[in-house]
Amino acid sequence: MAEIQLRNVGKRWGDYVGVDNFDLTIADREFLVLLGPSGCGKTTTMRMIAGLEDATEGEIVIDGKVVNDLEPKERDVAMVFQSYALYPNKNVYENIRFPLKVRKVDPATHDARVRRASAMVELDDFLHRRPAELSGGQRQRVALARAIVREPNVFLMDEPLSNLDAKLRVSTRAQIKNLSHELAVTTIYVTHDQVEAMTLADRVVIMKQGVVQQVGTPVDIYDRPANAFVAGFIGNPAMNLIEGVVSGGTFRAERTEVAGLSAPQGAVTLGFRAEDAQVVDTGGQINAPIYTMELLGDSTMVSVRINGALVSVKADKTFRGRIGDPVSIAVPAAQCHLFSAISGERIHA
Amino acid sequence: MATASETRMTPAKAVSFSLVGLWLFIAAFPFLWTFWGSFKVQADFFSKADWTNALWGTQTIAETGSAFTGQGYFGAWVIEAFWQNVINSGIVVVFTVIISLTFGTLGGYALARSGFRYAFWLLIAALVFRAMPHITLVSGYLLPFFEWNIWGHLPTTIIVLVAINQPFTLWMLHSFFLNIPKDMDESAMVDGCTRFQAFRHVIVPVMWPGVITTGLFSFLLAYNDFTVTAMLLSAENETMIPAINSFLGTTQVEGKVMYAVAAVVSATAPLFVLILFFQRQIVSGLTAGAVKG
């Protein structure tokens with residue numbers, strides 16, 4: 001059982017704000033993903049929970065106990081590092097066993113626990129190899145096994161998949177999801193890859209420049225982004241964002257006119273997802289020449305340029321057009337998101 | 001498999017091979033010459049009449065009845081008790097290396113992991129001290145050493161040698177530690193180590209090539225030192241190098257020079273063995289910083 005509370009936690013280096021006023025309760029057994037571009041403070045937040053970095057403000061509470069002044073080893077957390085940080089002079093078996101050894105766990109239980117952990121990540125056949133003799137994926141699994149062998153209260157994972165190739169990433173991602181379900185341990189996972197965040201998380205925290213932008217389930221964040229940054233960060237492709245002006249319930253921008261919106265007068269950013277719009281013969285809300293076309297197999301991505309920004313629409317996979325051909329795009333008003341042009345915050349209809 | 005173009009002898013290759021051969025000869029000659037000459041008598045090795053006497057041992061045959069003699073070695077080791085100097089050197093070297101490495105690893109680790117700016121300035125200060133001539137330390141301390149009545153003893157010399165050597169060991173070990181990712185300590189600390197346990201169980205085992213290389217350089221400094229040991233040690237506590245010097249300094253008596261030659265060969269032999277024994281570690285240590293594993 002481990003509930004983690006971050007009470008207004010902050011990290012400053014002089015004038016530089018690494019993490020600002022992070023306030024969140026992470027439920028027991030929750031899989032929480034910290035997501036954001038590099039330098040957004042997500043890793044710093046995790047390192048503060050691990051005790052590798054001191055919080056300059058606020059309190060970190062694990063299992064009802066304030067841990068700010070505790071050493072990493074006293075916090076009962078396990079961490080998987082981006083570089084794996086395996087011990088190169090020890091073989092796989094000794095690497096996995098190390099946490100048991102230094103924590104003086106009853107030596108009689110070591111062998112069984114190491115073997116159980118290594119079986120969970122399918123490393124049984126490699127126990128006598130050194131890390132240098134393993135592939136990237138195998139090293140990653142040693143790091144995982146070393147983290148789970150102790151059955152800690154909290155799992156911390158710092159971009160564990162970013163050093164793997166694309167194919168291995170998908171299978172290891174599935175393995176991590178399965179493992180966290182099986183072990184039922186509170187997990188905090190840091191990534192800059194929104195696909196990992198969407199697939200793994202119970203809840204996602206999106207950060208930018210040290211500030212939390214939105215906390216919510218993957219569906220929440222995808223369907224109701226709290227601001228233009230989240231909208232432009234989540235989804236593949238990210239949400240289309242067009243800057244323009246609303247007057248009388250109609251949004252106008254270059255080559256664009258969307259009517260039937262319930263928003264006050266003024267400058268706004270209009271957002272919609274590529275799959276929510278359709279390419280039509282005539283009478284669409286956007287009429288522009290095709291800028292580029294990408295065949296994706298199951299669909300065709302058609303892009304036009306509005307105000308210099310790329311606007312993409314998913315068309316049928318049989319759709320064909322030439323670059324420069326005029327195209328008409330239907331954007332249903334009900335599927336549109338409006339954000340304030342000044343603050344970027346969502347305008348609630 | 002060597003291809004035809006690799007085995008064919010071109011003029012350029014012939015020139016480069018002969019240059020390497022010439023260099024080898026020039027580099028090795030003094031050692032071979034001394035080694036050969038150490039088995040002759042002084043009248044041959046320092047012959048005024050004909051230098052080839054040193055090669056054939058004309059006088060050696062005349063004096064001892066054989067082309068080779070162990071007189072020099074007998075004189076140095078038995079008559080002049082050179083073994084005492086060897087033991088002194090051993091004590092000085094062992095303690096200098098152990099103390100330098102202890103402070104060097106702890107200090108180098110601390111400096112490598114410290115995020116503070118003063119770490120940089122400490123290292124710069126160390127570099128300045130390293131650049132100073134050794135004699136500056138000795139001359140400055142001579143008077144206090146006399147006053148405190150600690151002049152002439154081995155521990156005093158060891159302390160001064162450590163002081164001279166420490167900046168270098170700090171620098172060298174510091175850069176070795178910088179090459180070990182911080183993740184490794186942090187991982188060990190999350191796994192349940194204290195900072196010191198992480199250092200001992202995780203970092204030091206990875207560091208062995210660096211420690212051995214640094215230790216070897218410390219060894220060489222202490223082993224070969226003349227300035228400090230000649231100034232600070234009394235005659236009965238002399239290490240090998242000043243002892244050899246004093247053999248040379250008494251040329252009025254015939255035979256003493258040959259003691260020096262024999263002692264030089266005796267002092268050099270262990271170095272060859274040491275370098276050959278540790279060459280793998282030295283090379284991996286010297287290049288560890290250059291290439292990322």
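Reader: Which residue of E18(A) is the bridge partner of Leu295(A)?

Author: The bridge partner of Leu295(A) in E18(A) is Thr300(A). The model under discussion is predicted.

Reader: Why are E17(A) and strand E18 (residues 300-306) of chain A said to pair?

Author: Pairing requires at least two bridges between the strands. E17(A) and E18(A) are joined by 4 bridges and run antiparallel, and they therefore count as a pair.

Reader: What makes strand E17 (292-295) and strand E19 (309-315) of chain A the edge strands?

Author: The open sheet of chain A has 3 strands, in the order E17-E18-E19 with antiparallel pairing. E17(A) and E19(A) each pair on one side only, which is what marks them as edge strands. Ignoring direction, neighbouring strands of this sheet are turned by 25° against each other on average.

Reader: Why is H2(A) called mostly covered?

Author: A residue is buried if 20 or more other C-beta atoms lie within 10 Å of its own. Of the 11 residues in H2(A), 8 are buried, among them Tyr93(A), Ile96(A), Phe98(A) and Leu100(A). These buried residues of H2(A) pack against helix H3 (107-120) and helix H4 (136-148) of chain A, together with H11 of chain B. Just after H2(A), Lys104(A) takes a positive phi of about 55°.

Reader: What makes H8(B) hardly covered?

Author: The count of buried residues among the 14 residues of H8(B) is 0. This helix, residues 118-131 of chain B, reaches 20 Å from its first C-alpha to its last, close to the 20 Å expected at 1.5 Å a residue.

Reader: Why does Pro181(B) count as partly exposed?

Author: A residue is exposed with 12 or fewer C-beta neighbours and buried with 20 or more. Pro181(B) has 13 inside 10 Å, and therefore counts as partly exposed. Pro181(B) is found in the loop between helix H10 (154-178) and helix H11 (182-191) of chain B.

Reader: Leaving aside neighbours within four places in sequence, which residues are in contact with Pro181(B)?

Author: With those neighbours left aside, Pro181(B) is in contact with Ser83(A) and Ala85(A). Contact here requires C-beta atoms within 7 Å. By comparison, the C-alpha atoms of Pro181(B) and Val273(B), which are 92 residues apart along the chain, are separated by 34 Å.

Reader: How many residues does the contact take from chain A and from chain B?

Author: Chain A gives 17 residues to the contact and chain B gives 16. On the side of chain A that touches chain B, strand E6 (77-80) and helix H2 (92-102) are the elements giving two or more residues. The residues of this side divide into 13 nonpolar, 2 polar and 2 charged.

Reader: Which residues have the most contacts inside the largest nonpolar core?

Author: They are Val33(A), Ile49(A), Met79(A), Ala145(A) and Leu156(A), in a core of 133 residues. Apart from neighbours within four places in sequence, Ile49(A) is in contact with Ile4(A), Ile60(A), Val77(A), Leu156(A) and Ile188(A). A second, separate core has 16 residues, including Val41(B), Phe82(B), Tyr259(B) and Ala267(B). In soluble globular proteins, nonpolar side chains tend to be buried together.

Reader: How many helices and strands are there in chain A?

Author: Chain A has 8 helices and 21 strands. Its C-alpha trace spans about 75 × 45 × 35 Å along the principal axes, and 42% of its 349 residues are buried. Of the contacts in chain A with a separation of 6 or more, 64% are between residues 24 or more positions apart.

How values were computed: Residues numbered from 1 in each chain as written. Chains lettered and ligands numbered in written order. Predicted model: local features only at pLDDT ≥ 70, side-chain atom pairs only at ≥ 80, totals over all residues. Core = buried A, V, L, I, M, F, W, Y, C linked by C-beta atoms within 7 Å. Contact = placed C-beta atoms within 7 Å. Expected span 1.5 Å × (residues − 1). Nonpolar A, V, L, I, M, F, W, Y, C, P; charged D, E, K, R; others polar. Axes fitted to C-alpha atoms, helices over the stretch in contact; angles between N-to-C directions.
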